[in-house]
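Me: I would like to learn how to read a protein model. Please take me through it one feature at a time.

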Amino acid sequence: MLTGGGDCPGLNAVIRAIVRKAERHYDDQVIGFRDGWLGLLERDHLDLDVERMRGTLPRGGTILGSSRHHPFAVDGGPERVLEVVAELEIDAVIVIGGEGTLTITHRMSQLGL
């Protein structure tokens with residue numbers, strides 16, 4: 001999971017809800033990439049679980065950090081994203097953000113993400 005673009009007050013609540021649903025209903029593991037697409041490019045991530053998310057609901061912003069950096073701004077960036085996803089054996093990437101972040105996500109999906 002990653003949060004991209006500008007920060008906003010409800011992101012921690014969204015992250016928390018995704019982690020709780022994934023862990024408690026699907027027995028899935030969730031990792032969060034720090035600073036949006038940059039964290040995915042640099043393989044900078046942390047494990048997210050219900051315990052780690054305790055106390056984040058009333059906090060604004062995102063515990064993952066956010067940036068406007070994206071893979072298409074870096075030579076070989078899209079390929080690096082696909083490589084990291086394969087190396088970490090990630091089944092799905094949940095991207096939270098606005099129009100720019102989701103446009104990048106759409107472009108990455110066209111490349112196989």
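Me: What share of the contacts in the chain with a separation of 6 or more is accounted for by residues 24 or more positions apart?

Reply: Contact means heavy atoms within 4.5 Å. In this chain, residues 24 or more positions apart account for 76% of the contacts with a separation of 6 or more. Before we go on: this is a predicted model, in which local features need pLDDT of at least 70 and side-chain atom pairs count only at pLDDT 80 or more, while totals for chains, interfaces and linings use all residues. Residues are numbered from 1 along each chain as its sequence is written, and side-chain values use heavy atoms, with hydrogens and water left out.

Me: How many helices and strands does the chain have?

Reply: Helices (H or I, at least four residues) and strands (E, at least two) are DSSP runs, numbered from the N terminus. The chain has 5 helices and 4 strands. Read from the N terminus, the order is β-α-β-α-β-α-α-β-α.

Me: What does the radius of gyration say about the chain?

Reply: The radius of gyration is taken over C-alpha atoms, and the globule rule is 2.2 Å times the number of residues to the power 0.38. For 113 residues the rule puts a compact globule near 13 Å, and the chain agrees because its own radius of gyration is 13 Å. Along the principal axes, the C-alpha atoms fill a box of roughly 40 × 30 × 20 Å.

Me: What percentage of the residues count as buried?

Reply: Buried means under 20% relative accessible area, exposed means over 50%, and partly exposed is in between (1.4 Å probe, protein chains only). Of the 113 residues, 37% count as buried.

Me: Is threonine 105 buried or exposed?

Reply: Threonine 105 is buried, because its relative accessible area is 19%. This residue is found in helix α5, residues 99-110. Leaving out residues up to four places away in sequence, threonine 105 touches Trp37 and Val95. A polar atom of its side chain lies 2.8 Å from the backbone oxygen of threonine 101.

Me: Where is histidine 69, and what does it touch?

Reply: Histidine 69 is in the loop between α3 (50-53) and α4 (77-87). With a relative accessible area of 29%, histidine 69 is partly exposed. Its contacts, not counting residues up to four places away in sequence, are Trp37, Leu38, Leu41 and Val74. Glycine 36 is 33 residues away along the chain, yet the C-alpha atoms of histidine 69 and glycine 36 are separated by 7.3 Å.

Me: Which residues other than glycine have a positive phi?

Reply: Aspartate 35 is one of them, with phi near 60°. Aspartate 35 is in the loop between β2 (30-33) and α2 (37-41), and counts as partly exposed at 32% relative accessibility. Glutamate 89 also has a positive phi, about 55°. Glutamate 89 is in the loop between α4 and β4 (95-96), and counts as exposed at 67% relative accessibility.

Me: Is aspartate 91 buried or exposed?

Reply: Aspartate 91 counts as exposed, at 80% relative accessibility. Aspartate 91 lies in the loop between α4 and β4.

Me: Which charged end sits over the ring of phenylalanine 72?

Reply: A charge sits over a ring if NZ of Lys or CZ of Arg is within 6 Å of the ring centre and within 35 degrees of the ring normal. Here the charged end of arginine 107 sits over the ring of phenylalanine 72, 3.7 Å from its centre.

Note on methods: Polar contact = N/O pair within 3.5 Å; in protein donor to acceptor, adjacent residues only side chain to side chain.
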